[in-house]
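Grab a pencil and open the structure below. Try each exercise yourself before you read the solution.

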Amino acid sequence: MTLNDDELDRYARHLVLREVGGAGQAKLRDSAVLIVGIGGLGAPALQYLAAAGVGKITIIDDDIVSASNLQRQTIYRTDQIGQPKVEAARNFVSMLNPHVAVTALKGRIDAQNVDSLTKNHELILDCCDNFATRFLLAAASFRAKVPLVSAAIRGFDGQLSVWHPDGHSADRPCYHCFNPVRDPETLGDDDCAATGILGPVAGVLGTLQALEAMRTLISFGPDGALIGRMLLMDMLSGRQRLVKVSRDPHCTLCGDGGTAADA
Ligand SMILES: [Zn+2]
């Protein structure tokens, strides 16, 4: 529970915050977080969670660093083009904060591994770019009762929410309540290559995921984490809105009579 001298130095600006303090910092150190996708969202999320001292971080991604990533995925360098992202990301963290243990998995989340991966973590960050993975994570987080911090980006737009359904509270919907699509294949994925993405938009949303992850782990702020609420940001106009998302009693995942295995 106690922090050593190096930790007291490193996290001094957290420790003076009443909302974090020694107990909050120790909670971060003792937490394990899973980040799915280390691209536009996952790279900044990883950067801030590692800097903040989350003790164990698992990253999973099957991609390699390419030149077109570098405009927004600022943890990678030009000389790392061609390297697996998870390896480059693990090297980044080891130089940033040696207190963080990174487990790097080169591959994809699928129906076979999703439950074993989610259950060993206090929190999941959905930083993926496709609906199939997003639905898979939503169902697994519901089954494991592990909160899911999810973001999506396109062009100048971003959205952010935390899904932590309990199957009873109208204020705690799951991702399926918000997006009741049965077949994710019918939805168009966030294809940055086709639609484009302004670099800082990815940075803002990924960083907000790190913020919500810390808020969820430590529990700070008068309204708590963004559960049952969604932040919508239009960074072309600079406008943003916070909208309420309610639980659907007939939801196929968390609703009455719904089955997690059905999803
Ligand atoms: Zn639901």
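This is a predicted model: local features need pLDDT of at least 70, side-chain atom pairs count only at pLDDT 80 or more; totals for chains, interfaces and linings use all residues.

Residues are numbered from 1 along each chain as its sequence is written, and side-chain values use heavy atoms, with hydrogens and water left out.

**Exercise 1.** Find out which residues coordinate the zinc ion and name the geometry of the site.

*Step 1.* Look for donors, meaning N, O and S atoms within 2.8 Å of the metal (3.2 Å for Na, K and Ca); water is not among the atoms, so sites may look incomplete.

*Step 2.* Check the angles: they run from 96 to 121° among the four donor atoms, and that makes the site tetrahedral (four donors with all angles between 85 and 135 degrees). For comparison, the ideal angle for four tetrahedral donors is 109.5 degrees.

*Step 3.* Read the spacing along the sequence: C-x2-C-x73-C-x2-C.

*Step 4.* Are Cys 174 and Cys 254 buried or exposed? Both are buried (under 20% relative accessible area, 1.4 Å probe, protein chains only).

**Exercise 2.** Work out which strands pair with β6.

*Step 1.* Strands are DSSP runs of E, at least two residues, numbered from the N terminus, and two of them pair if DSSP finds at least two bridges between them.

*Step 2.* Start with β5 (residues 148-154): seven bridges join β5 to β6, antiparallel. Arg 154 sits opposite Asp 157.

*Step 3.* Now try β7 (residues 229-234), which pairs with β6 through five bridges, again antiparallel. Here Gln 159 has Leu 232 as its bridge partner.

Methods. Four donors count as tetrahedral if all angles lie between 85 and 135 degrees; four count as square planar and six as octahedral if opposite donors are over 155 degrees apart and all others between 65 and 115; anything else is irregular. Buried means under 20% relative accessible area, exposed over 50%, partly exposed in between (1.4 Å probe, protein chains only). Helices (H or I, at least four residues) and strands (E, at least two) are DSSP runs, numbered from the N terminus.
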